[in-house]
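Hi everyone, thanks for making time this morning. Let me put the structure up, and then I'll walk you through it.

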Amino acid sequence: MAIPALAVPALAAGFADPVHDAQRSFAAVMRAMAEPGLPVPLASDLDPPAPLSREAAACALALLDYETPVFLDATLSAAPAVAAFLRFHTGAPVVDDPAAARFAFIADAAALPDFGAFAQGEPDYPDRSATLIVQVSDFGTDAIVIEGPGIKGRRSFSAAPLPSDLPARLAANRALYPLGIDLILTAPGGVLGLPRTVKPVMED
């Protein structure tokens, strides 16, 4: 009696044009980090496994490699296909300890983990820190006011959903400079950078 073959879920495809698509995605992320708080267009035709968004997947394929351990929040970890997708297309090891990750992907932005859970860098190697890629539903322009390098004067932005204490978290993160974490927010069609140099303008 023949034993039926087990059905193996198809792995979602990566970039159609790996070199150029990765370059375009990387350029969008770099512009977003150079101009904090400014939404930058990021088009992607990826169809990654849910709940990983197209934009977050594009960031992953542009930024990750076998030397960049990655942490997935509980929402993403609950979908094994997400880890399989990232491992196959980037070679990045998926780790359970957020402090061991160079990149962290957060699908539940409202439950954004405490920044202190992630690598903050070391005095001699501040680049040994984590970058958090956080999926949000949309961007706006009028909730949080920030200043710092890459911003002429001040700039305002908003994103939803995010924790209400994000400005205080950003201020505490800025106080650690040159240590601290960097944030990349992704929304449908775009990406927005919040590097550790960002200083929120707190109300008196």
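Before the first number, one definition: by a contact I mean heavy atoms within 4.5 Å. Please also keep in mind that this is a predicted model. With that in hand, look at contacts with a separation of 6 or more in the protein chain: 69% of them are accounted for by residues 24 or more positions apart.

Now the overall picture. The protein chain has five helices and 12 strands. Its radius of gyration is 17 Å, close to the 17 Å from the globule rule for 204 residues, so the chain is as compact as a globular protein of that length. Along the principal axes, the C-alpha atoms fill a box of roughly 75 × 30 × 30 Å. Of the 204 residues, 48% are buried.

So what sits inside? The largest nonpolar core has 34 residues, and Leu52 and Phe105 touch the most other members. Two or more residues each come from helices H1, H2 and H4 and from strands E2 and E4. H2 gives the largest share, seven residues.

Let's zoom in on Phe105. Leaving aside residues up to four places away in sequence, Phe105 touches Leu52, Ala56, Ala60, Leu64, Val70, Phe71, Leu72, Asp73, Leu76 and Ile133. Apart from this core lies another one, of 28 residues, including Ala130, Ile144, Ile151 and Ala187.

Key
Residues are numbered from 1 along each chain as its sequence is written. This is a predicted model: local features need pLDDT of at least 70, side-chain atom pairs count only at pLDDT 80 or more; totals for chains, interfaces and linings use all residues. Side-chain values use heavy atoms; hydrogens and water are left out. A nonpolar core is a set of buried Ala, Val, Leu, Ile, Met, Phe, Trp, Tyr and Cys residues joined through side-chain atoms within 4.5 Å. Buried means under 20% relative accessible area, exposed over 50%, partly exposed in between (1.4 Å probe, protein chains only). Helices (H or I, at least four residues) and strands (E, at least two) are DSSP runs, numbered from the N terminus. The radius of gyration is taken over C-alpha atoms; the globule rule is 2.2 Å times the number of residues to the power 0.38.
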